[in-house]
Amino acid sequence: MNLQAAEQLLQTTYGFDAFRGQQANAIDAVLSGRDALVLMPTGGGKSLCYQIPAQLRAGTGIVISPLIALMQDQVMALRELGINAAYLNSTLSMEEQRQVTQQFAAGQLQMLYVAPERLLQPKTLAYLSQQPISVIAVDEAHCVSQWGHDFRQDYLGLGVLKQHFPNTPLMALTATADQRTQTEIEQRLQLQDPVRLDASFDRPNLQYHVSVRQDARKQLIKFLARHKQEAGIVYCLSRKKVESTAEWLVSRGINALPYHAGLPAQLRQTHQQRFLREDDVVIVATVAFGMGIDKPDVRFVFHMDLPKSLEAYYQETGRAGRDGEPAEVHMVYGLQDVVRLNQMLNESQMEEQQKQVERHKLNALLGWCEITHCRRQGLLNYFEEQAPTFCGNCDVCISPPQTREATVEAQKFLSTVYRTGQRFGTAHIVDVLRGLDTEKIQQHQHKQLSTYAIGADVSASHWQSIARQLIVQGYLSNDFERYGALTLTDNSRALLRSEKDFHYREQLAEPAERKKKASRNGVSEQDRSLWEALRECRKQLANEHDLAPYMIFHDATLMQMMEERPETLDSLSFVHGVGASKLDKYGEAFLEVIGAHA
Ligand code: ADP
Ligand code: ZN
C-alpha cells in the first residue's frame, strides 16, 4: 500500500530523510492490515512503526505501555510534532479523563496511550470498541513473557485484545532478543500470522569498555571527566552504594541524583523527571531505574558492579545513545561481585532449575568480561547473531590485550588450592602465595605448606587476576554453596601435569588512551560559541514550553545547524529533525541565534 504517503509524513512531520532498518516493512505490514512482531534494539526507532500508521489509517491508534510515568512526556513530544495525542492512566484527574474520553469519542485523537490495567477495565474496552481503531501497539511486549526478564501481571490480560478488536492490526514491539521470549509474546497476545521483523541487535554507536575494579571511584571520576555536561547513568548493585556514590559525586561538583526503589515515590519521580528534563544530570541508580527511559541523549552508562547477565548488561547499556550519536559504556568489576551475586541467587526464592540458568548466565558474562577478541562480536554471538571479528569500537579492538604464557604461575596457584584442601576463597590463597602472616594462616598452619610464599614477588592484584582467568578458562570452579571456595576441575589436573598451557590476558589497569573519540564534543573552538548558544536557545525554549530540551531538537539537529548555518526558514527545513510544526514554532528563534554568529 501507501508507503509513499508514509515517507512523506516522515519528511514533513518528523523532518527525517529516510526510514531506518525495518521501519518501512513494519509500517507496510500495519498499513496492509496485518499483525506484526517487531524486534529492534533500543534506539532502533520502534515508535515510528506505529505512530505513522496511526496517522495514515482511519481511527485512533492505541499504544499500551507499562510506564505510566513516561506517558506524559511521550504525548508532549508528539504534540510538538503537531500530532493530536493523549493518554489515559491513574495520574489524570476525573475531569481530565472525561476530556480525553470525549475527544476520543469525537474521533479527534490520532493516538491514545493507555496503561494496561486501565485498558483492561471492561468499561474502557467497551467504549474503545465504539470507535474505529487504526492500530494497537503493545510496547515493551516482553513484559507479557514469564521467561523474559520484566514480567508484569497486567500484561498477561492483554491476550483479550484480539477478541475485542479482531480486525485491528496488532503490533508487539520489544528490544528483547531471545527466541523463547518472542514465541511467548506471539502466543500470549494471540498475534495472527504476524509479520516478524527483526533488526540486528548491534548498537554500533556504543563503545564498550570493561576493566577490572581497582579504585572504582577514581575510575569513575576519570571516566566522567570525558563526559562533562553530559547526561548519563551510573549503575550500582545496592541501594546503599547508590546513595554514597551519588553523595560523593555531588561533593565533587557533579550534578548527580540517586534513584532506587527504596526512595519515596515522590522523590524518585522528581529525580527521573530532572534526568529527562535537564541535559547534564548523572543519575546514580540500581537497576530499578531505566526501563522505558526514552531519553535519546544519554551519553554514557557506567557500571560500578557486575550486572547479573549479558542480557541485563545489554539492556542497561542500551539506554545510552538512542539518538545514534556516539556514546560510551564502561563496566568495572571484581571477583567479589561474582561471590556476591551468587550469594544473592542462593538466598533467592527461585526454583533450583532457574538458579542453574542464572548461574550459567553469570558465568557467560564473566567470560565475556575477560574476552580476548572483539567484545562486540562476543556480545552479538551470545545473542546468536553473526558479527565481524573486528569492530574498531570496543576496548579490545582499540587496544588489544596482550596475552602471554603463564603456566607456571597457574600451577603455583592451583597447587595451593589443592594443598589447602579446596576449602578457601581467592583472598586466602593469595595470602598464602604471598607469604603473609594472617590469623587464618596461623590458625590453619599454612606456613608449613610447600607453596607458602612462593609467589611473594607478585602483587596481590595480579594473583587475583590469575584466579579470575583460571575460572573463566575452566581451570578452577567457584563453589558458591560454600561462599566462593575454589575447587579444582578435570582441566586443572591436566594443567598441573603440564599437559596443557595456560595463557594469561595482561590486565590493562585502565584502558590505554582512547584512540577514538567516544564523545561527540569534537566541536572546533570557532564553532563552540555557536554550539553553546544553540543549546542555550533550546534550553530557554524548553523552559518556556515546559518541555525537555530534546523534545525541541536533538543534539544531531543542533549539530547540523552549527555546521550548515542555514539563514532562511526554507534552508532550515532541510536540517535533519526539523519538521513542519517545529519549524513553525522554533525556526525563527534558532535563525536569530545563527544570524548573531555569522
Ligand atoms: P526505540 O523505541 O526503538 O528505542 P525510538 O522510537 O525512541 O526508539 O527512536 C530512537 C530515536 O531515533 C528517536 O530519537 C527518533 O526520533 C529517531 N529516529 C527514529 N526513526 C528515525 C529515522 N527514520 N530517521 C532518523 N531518526 C529516526
Ligand atoms: Zn570490537
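**Exercise 1. Find what holds ligand 1.**

A backbone N or O atom of glycine 43 lies 2.6 Å from an oxygen atom of ligand 1. Before you go on, note that this is a predicted model, in which local features need pLDDT of at least 70, side-chain atom pairs count only at pLDDT 80 or more, and totals for chains, interfaces and linings use all residues. Residues are numbered from 1 along each chain as its sequence is written, chains are lettered from A and ligands numbered from 1 in the order in which they are written, and side-chain values use heavy atoms, with hydrogens and water left out. Your task: which other backbone atoms lie close to polar atoms of ligand 1, and how much of the ligand does the protein bury?

*Solution.* 

- Step 1: Look at alanine 18, where a polar backbone atom is 2.8 Å from a nitrogen atom of ligand 1.
- Step 2: Move to glycine 44, whose polar backbone atom is 3.4 Å from an oxygen atom of the ligand.
- Step 3: Turn to the area: ligand 1 taken alone exposes 570 Å², and the protein buries 86% of that. Accessible areas come from the Shrake-Rupley method with a 1.4 Å probe; for residues, only the protein chains shown count as cover.
- Step 4: List the surroundings. Ligand 1 has 16 residues around it, the closest being Gly43, Lys46, Ser47, Arg322 and His554; a residue counts here if one of its heavy atoms lies within 4 Å.

**Exercise 2. Describe the zinc site.**

*Solution.* 

- Step 1: Collect the donors, which are N, O and S atoms within 2.8 Å of the metal (3.2 Å for Na, K and Ca); water is not among the atoms, so sites may look incomplete. The SG atoms of Cys374, Cys391, Cys394 and Cys397 coordinate the zinc ion at 2.3 to 2.4 Å.
- Step 2: Read the spacing along the chain, which is C-x16-C-x2-C-x2-C.
- Step 3: Cysteine 374 sits in the loop between helix H16 (352–369) and helix H17 (375–382), and cysteine 391 in the loop between H17 and helix H18 (395–398), so the pair ties together parts that are 17 residues apart in sequence. Helices (H or I, at least four residues) and strands (E, at least two) are DSSP runs, numbered from the N terminus.
- Step 4: Compare their cover. Cysteine 374 is buried at 3% relative accessibility, whereas cysteine 391 is partly exposed at 24%. Buried means under 20% relative accessible area, exposed over 50%, and partly exposed in between (1.4 Å probe, protein chains only).

**Exercise 3. Trace the neighbours of histidine 303.**

Where does histidine 303 lie, and which side chain does its own side chain meet in a polar contact?

*Solution.* 

- Step 1: Histidine 303 belongs to strand S12 (residues 298–303) and is buried, with a relative accessible area of 2%.
- Step 2: Leaving out residues up to four places away in sequence, histidine 303 touches Tyr235, Tyr313, Glu316, Thr317, His330, Met331 and Val332; contact means heavy atoms within 4.5 Å.
- Step 3: From that list, pick glutamate 316, whose side chain has a polar contact of 2.8 Å with the side chain of histidine 303. A polar contact is a pair of N or O atoms within 3.5 Å; within protein, one must be able to donate a hydrogen and the other to accept it, and residues adjacent in sequence count only if both atoms are side-chain atoms.
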